Amino acid sequence: MKVYVIRRLGVSVFTLVVASVLVFLGIRAVPGNPAIALTGNANLSPAAIAAIEGQYGLNKPLPVQYADWLRQILTGHLGSSPVTGMPITTELSSAFPITVELTILAMLIGIVIGIPAGIIAAVRRGKAIDYAGNAIALFGLSIPSFWFGILLILIFAVLLRVLPASGYVSFLSSPGSNLSHMVMPAFVLGTGVAAVLMRQMRSGMLEALRADYVRTARAKGLPEPSVVLKHALRNSLVTVATVIGLQLGVLLSGVAVTEEVFGLPGVGDLTINAVFQRDYPTIQAVALITAAAIIVINFALDFVYAFLSPRVRVEGAQ
Amino acid sequence: MPAVLEVDDLQVRLFDRTGPVLAVRGISLSVRRGEVVALVGESGCGKSVTALSLLRLLPGDAQVTGSVRVDGREVLELSPAQLRTIRGGEVAMVFQEPMTSLNPAFSVGNQIAEVLRLHQGLRGAQARARALELLRMVGIGDPEKRLRSFPHELSGGMRQRVMIAMALAGEPKLLVLDEPTTALDVTTQAQILDIVRDLRSRTGMAILLITHDLGVVADIADRIVVMYAGAKVEEADVYDLFRAPRHPYAAGLLGALPGSAVARREAGRLRLAEIPGMVPVLRAPLESCAFAPRCQRATDQCREQPPLLTPCGPADDHAVACFHPEPVATVPA
């Protein structure tokens, strides 16, 4: 087990390094000069461009720039955004909590709706409730989040006036207000997650219900809820856990469209602005932290697998 | 002695993509306390379907008619709650595939404890002690360790022992073994059969053994029911059937068994006899003998009306469904 964890940590660090190189090179490969984007002046003289590039170290060779960046990361001094002048750590620490909260709420909504719906659809396969569930899930997958978001704003903010249309209040300053701002975007994202989870849960459950061990469980005289919720569920959750992990990654990397619709200054919003402004340091920092978060999610997922499937436990330990 | 299991005119109709299949066509059989009855036939003859229908474990769209009585109670008419007391309690089943019949996500102890909790009301330390006892009973070494093991950590034979221990946990009156040794290697097969034989002499349980392997039957059964295409074609004491099978199909099965009296009788031949052709899948009731297309003794009569099961002798509990049964030959013992 110890060897396994150490090896996984090694792989994670390697993945992070590769991700950092790709991000570093990728953003520089995008057309557009940061000095021009920064000043907003397309006719900037070569001397002025050189001056700005010198100010931010952009005239140094790429490996040196990369080494500088790496040193900044390791010492925790990410510097300031050349665009906003704000320290990048401040920008990140204001954007990430919003996106993390949104991710958690959306995932909770997705799980609470999607998993029971998938189980019910599988158990009642071919019945009206199965078809209804599938139809709703298809609807949830098909409608664009911006449209659904605007629809919700129209209903709950404009017509009923029970929820704020946009903006953000931190949870610590006012939990109630925070949640009232979060509920609609979380619901928009959560229903999308629910649709994916429902379909995965349904197919996993159908497969498990056909398994010999489910017949054994019935032959033992177990009541149907135990057969489904103990014997079949545990085995079908492995694939569902994978999908939850993937969805967490998607949500955490910032769901820009939904954040824009609801005026939430989260990671998606930060990323979009940074990309438009060619704000290299900010983009790099956001991308690296997101990559790190996804690696942590996958790491955690391995433990979930081991819990769900003892076979993985043994293979992992070898 | 009263029968623990009485099956009367059991008919099962299953549905596949192309329509209904007459999987079981009027099977009647009974198993008394302490008796081992073998249900024998080729793959696809309906023997496993018969076994599953005893506990109503067939898919929901299966149509089952007739009567299945366990200790006098009609299983086919029980409410779901009553059915659950029969399943695992009065009647326990061991399935063919020990690899997939245990749940990979739960420990052996957990899966045995479920039965003990349901049918014996045992929990905690009591359940654990009883589970250890059961594992010892089926010859599992180091039972304390095995209780914590997961199915993938066990060999096929070991898993089948666990399945048997789990079946015994409910102290059933009838144990149904559906091809219990088919997936195992020969040495392990013998060990599992030893356990079954031992259980029968120790507990007096009634056992219904479903198999295509006549070698297994000769070893432990008292009576044999031979099935073909969903119907019973012959029933006899195991000794009578091995000595003098009357149905051409039963004789064919024995001819394919090395060392059997029938095979020895035809010892002039260099190889074991096989039965040509395959078991038919029946979609409509037959107006003929189902075996006729494969039968060397078949006549026009066999192709025009189905034979009924009738007593045929020499023993009085020997019955066969055939117009032209094999003659009772004198076989050197």
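**Entry 1: domains of chain A**

I began with the domain assignment of chain A, which gives domain 1 (16–75) and domain 2 (89–317); such bounds come from an automatic or database domain assignment. This is a predicted model, where local features need pLDDT of at least 70, side-chain atom pairs count only at pLDDT 80 or more, and totals for chains, interfaces and linings use all residues. For my own bookkeeping, residues are numbered from 1 along each chain as its sequence is written, while chains are lettered from A and ligands numbered from 1 in the order in which they are written.

I looked up the spacing next: the C-alpha centres of the two domains of chain A lie 35 Å apart. I found 11 residues of domain 1 of chain A in contact with 10 residues of domain 2 of chain A (contact: C-beta atoms, placed from the backbone, within 7 Å). On the domain 1 side, H1(A) gives the largest share, 6 residues (helices are DSSP runs of H or I with at least four residues, strands are runs of E with at least two, numbered from the N terminus). By class, I noted 9 nonpolar, 2 polar and no charged residues on that side (Ala, Val, Leu, Ile, Met, Phe, Trp, Tyr, Cys and Pro count as nonpolar, Asp, Glu, Lys and Arg as charged, the others, Gly among them, as polar).

**Entry 2: H1 against H13**

I then followed H1 (residues 2–29) of chain A to H13 (residues 280–308) of chain A: they pack at about 155°, axes 9 Å apart (axes are lines fitted to C-alpha atoms, for helices over the stretch in contact; angles run from 0 to 180 degrees between N-to-C directions). That makes H1(A) roughly antiparallel to H13(A), a label for angles over 145 degrees. Among the residues that meet are A:Phe24 in H1(A) and A:Ile283 in H13(A). I put the classes at 13 nonpolar, 4 polar and 2 charged residues.

**Entry 3: the sheet of chain B**

S3(B) and S8(B) run parallel, joined by 5 bridges; B:Leu39 has B:Ile210 in S8(B) as its bridge partner.

**Entry 4: chain A meets chain B**

Last, I checked the chain contact, which takes 22 residues from chain B and 18 residues from chain A. H4(B) supplies the largest share of the chain B side, 4 residues.

Note on methods
Parallel < 35°, antiparallel > 145°, perpendicular 65-115°, else oblique. Contact = placed C-beta atoms within 7 Å. Pairing = 2+ DSSP bridges.
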